Amino acid sequence: MIRDAATTIIGAGAVGCAVAYHLARDGWRDVQVVDARDVAEATTAQAAGLVGQVRSTVERTRLAMASVRLFSRLEAETGYPPDWRQTGSIRIALTDERVAEFRRMATIAESAGLETAFLTPEELRDRFPLIDTGTVRAALWCPTDGYLQPHSLTTAYSRAARDLGVTFHPRVTVTGLSVRAGAIDGLRTDAGDVHTELVVDAAGPWAAAIAAMAGAELPIVPVRHEYFVSTPVAGWSAGLPVLRIPDLRLYVRAEGSAVLCGGWEAAAVSRDPRSIVRADAMPVDPDWDVLARFASDLASVVASADGVRPSAVFRGWPAFAPDGRFVVGPVPGIRGFVMAAACNAHGVSGSAGLAEHVLESMGPDPSPYVRSLSPARFMAQPVDWEQAQTRARSVYENYYAVTP
Ligand SMILES: Cc1cc2nc3c(=O)[nH]c(=O)nc-3n(C[C@H](O)[C@H](O)[C@H](O)COP(=O)(O)OP(=O)(O)OC[C@H]3O[C@@H](n4cnc5c(N)ncnc54)[C@H](O)[C@@H]3O)c2cc1C
């Protein structure tokens, strides 16, 4: 039964469960998690589970490295496995411009203390025998990257949080927030009203709808994303490194002996956050033209993927901010209302770091970086919703664009 609690986290996806675990581990007591579904049933269930640390800034690289450190020790720390496979990853450059970007990324990785190396064609064939090395201009290897099972990770967080006293309330929809004298005072739900003093909005693509319940306009925009898993293909096995081919906007990994292949569409599709209410379902039909393009582009670099046939399509609406950054921390003017949102399609891999930021944002002295993630940056003037969507789509479309 939903209950009065000092702290209520709305959302039991990767982010909400990571926040629950981090708060409990930090000694917070009287915490509950409320979800209209159950643990990891929404966007998180659809994720490919890729965990990449090679990024375009030192801060983002360090954040991803912190996540990898947590995934590597989570089972020892909690007793629950996130099914983390440290296969390594390879980024493939098909153009000179991309090679130059990889050099910059390798320098950033070095500054952050992350090991990377450029592979010779022979080394590339050793690590990923299926690739046609003739088209490859450079291959950047990161040995500590990999992938995990998003459901396992989120279950690990939630079980560990439960062990530390957090209560979980699945199948409870939050229908309203009560704000009194500028402070959170309670929750309205379809299972009754309860008192709470602190609400963490970890509602993924529904985060803007929850913020609106507290009277805050925040441009957190759901943008469609999808990938397919093929029928089994000879030569593919779970130990192969993750492959990213940014010039083709593609990411690829083995799922058992099948191919998992997704990518960033050139013409993104978004939802107007104002049209999203509560925890309503947001169905996505597979876009077969887009998926066929992923498959044919992949076959141009990996011949064994020629003719792969999708056996399952995963899809959803990861939430993007117009500037492509997390929206984390207390909402100015509404005491006790804290954001943990806008994962920009890396909310599974980024969950650990994001949860640490949430904790830090509520502490006495958040770093300038964490302060820069504050929702305050969108609150100085009324939200231009059309522009917010255009910018969020642009962040998505340029996910693999060459960074300067
Ligand atoms: C196809 C696809 C592939 C992806 N691949 C990757 C990847 O490889 N790596 C990666 O890191 N990320 C990936 N992502 C992104 C990742 O899935 C998301 O960033 C992450 O799952 C977001 O987690 P979340 O907890 O914020 O949201 P969600 O998992 O959506 O959880 C939000 C929860 O809030 C609940 N909720 C909402 N409104 C209410 C309400 N009113 N009352 C009660 N509960 C409510 C919902 O029921 C839901 O369970 C991918 C996404 C997609 C769609």
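**Briefing: fold and backbone of a predicted chain**

Of the 404 residues in the chain, 58% are buried (under 20% relative accessible area, with exposed over 50% and partly exposed in between; 1.4 Å probe, protein chains only). This is a predicted model, in which local features need pLDDT of at least 70, side-chain atom pairs count only at pLDDT 80 or more, and totals for chains, interfaces and linings use all residues. Residues are numbered from 1 along each chain as its sequence is written, and side-chain values use heavy atoms, without hydrogens and water.

**Overall form**
- Eleven helices and 20 strands make up the count for the chain (DSSP runs: H or I of at least four residues, E of at least two, numbered from the N terminus).
- Along the principal axes, the C-alpha atoms fill a box of roughly 65 × 45 × 40 Å.

**Contacts**
- Of the contacts between residues at least 6 apart in sequence, 78% join residues at least 24 apart (heavy atoms within 4.5 Å).

**Positive phi**
- Most residues other than glycine have a negative phi.
- A40 has a positive phi, near 60°, and lies in the loop between β2 (31-34) and α2 (43-46); A40 is buried at 2% relative accessibility.
- A342, also not a glycine, has a positive phi of about 60°.
- The loop between β20 (337-341) and α9 (351-361) holds A342, which is buried with a relative accessible area of 2%.
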